[in-house]
Amino acid sequence: MKDLNQCNFIGRLGQSVDLKYTATGTAVANILIACQDDYKEKAGAKIDQTNWVRVVFFGKLAEIVGQYADKGSRIYVSGKHVTRTWDNKEGVKQYTTEIVANEMQLL
């Protein structure tokens, strides 16, 4: 039986879309989504909170995001949660956690 790895977010783009192409011509688009939330602390004060979600798109979906989305655009994204690791130029292990999108809708 497979586990479920699916994340859904609605938020606004915090910056312009970073669209690039691989050596083989595959489009890759990276975005940051600001997802706002609020809660009340014990004293009753409302606290606003913004969480930033890193999202990557591939192929045709990347091209669509690159063409139609821009900073401030409201967007729905669905995809899987992935953590990548690599060694930087100094040999230090780096990592990033992101959502690899398989579905997107501009709102």
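Predicted model: local features only at pLDDT ≥ 70, side-chain atom pairs only at ≥ 80, totals over all residues.
View 1. Residues are numbered from 1 along each chain as its sequence is written, and side-chain values use heavy atoms, with hydrogens and water left out. Leu106 belongs to strand β6 (residues 93-106); helices (H or I, at least four residues) and strands (E, at least two) are DSSP runs numbered from the N terminus. Together with Ile64 and Tyr68, Leu106 makes a nonpolar surface patch with about 270 Å² of accessible area. Such patches take residues with over 30% relative accessible area and no salt bridge, joining nonpolar side chains (Val, Leu, Ile, Met, Phe, Trp, Tyr) within 5 Å and like charges within 9 Å. A salt bridge here is a side-chain nitrogen of Lys or Arg within 4 Å of a carboxyl oxygen of Asp or Glu.

View 2. One helix and six strands are found, and along the sequence they run β-β-β-β-α-β-β. The C-alpha trace spans about 55 × 40 × 35 Å along its principal axes. Of the 107 residues, 29% count as buried. Among contacts (heavy atoms within 4.5 Å) between residues at least 6 apart in sequence, 55% join residues at least 24 apart.

**View 3. Strand β3 and its partners.** Here you can follow one strand through several pairings, where two strands pair if DSSP finds at least two bridges between them. Strand β1 (residues 7-13) runs antiparallel to β3 (residues 27-40) over two bridges, and Leu13 has Ile33 as its bridge partner in β3. Strand β2 (residues 18-21) is also antiparallel to β3, over four bridges, with Lys20 opposite Val28. Strand β4 (residues 46-58) pairs with β3 in the antiparallel sense over 13 bridges, and Gln36 stands opposite Thr50 in β4.

**View 4. Two hairpins with a glycine in each.** The β2 and β3 hairpin has five residues between its strands, and Gly25 there takes a positive phi near 95°. In the hairpin of β3 and β4, again with five residues between the strands, Gly44 has a positive phi near 100°.

**View 5. Gly59 in the helix.** Gly59 sits in helix α1 (residues 59-68) and counts as partly exposed because its relative accessibility is 23%. Leaving aside residues up to four places away in sequence, Gly59 touches Thr26 and Ala27. Gly25 is 34 residues from Gly59 along the chain, with 8.9 Å between their C-alpha atoms.

**View 6. Cys7 and Cys35.** Which cysteine sulfur is closest to that of Cys7? The closest one is in Cys35, at 11 Å, and so too far for a bond. A disulfide needs a pair of cysteine sulfur atoms within 2.5 Å, and the count comes to zero. Cys7 counts as buried because its relative accessibility is 16%; Cys35, at 12%, counts as buried too.

Terms used: Areas by Shrake-Rupley, 256 points an atom, 1.4 Å probe, with all protein chains shown as cover. Buried < 20%, exposed > 50% of the residue type's maximum accessible area, 1.4 Å probe, protein only.
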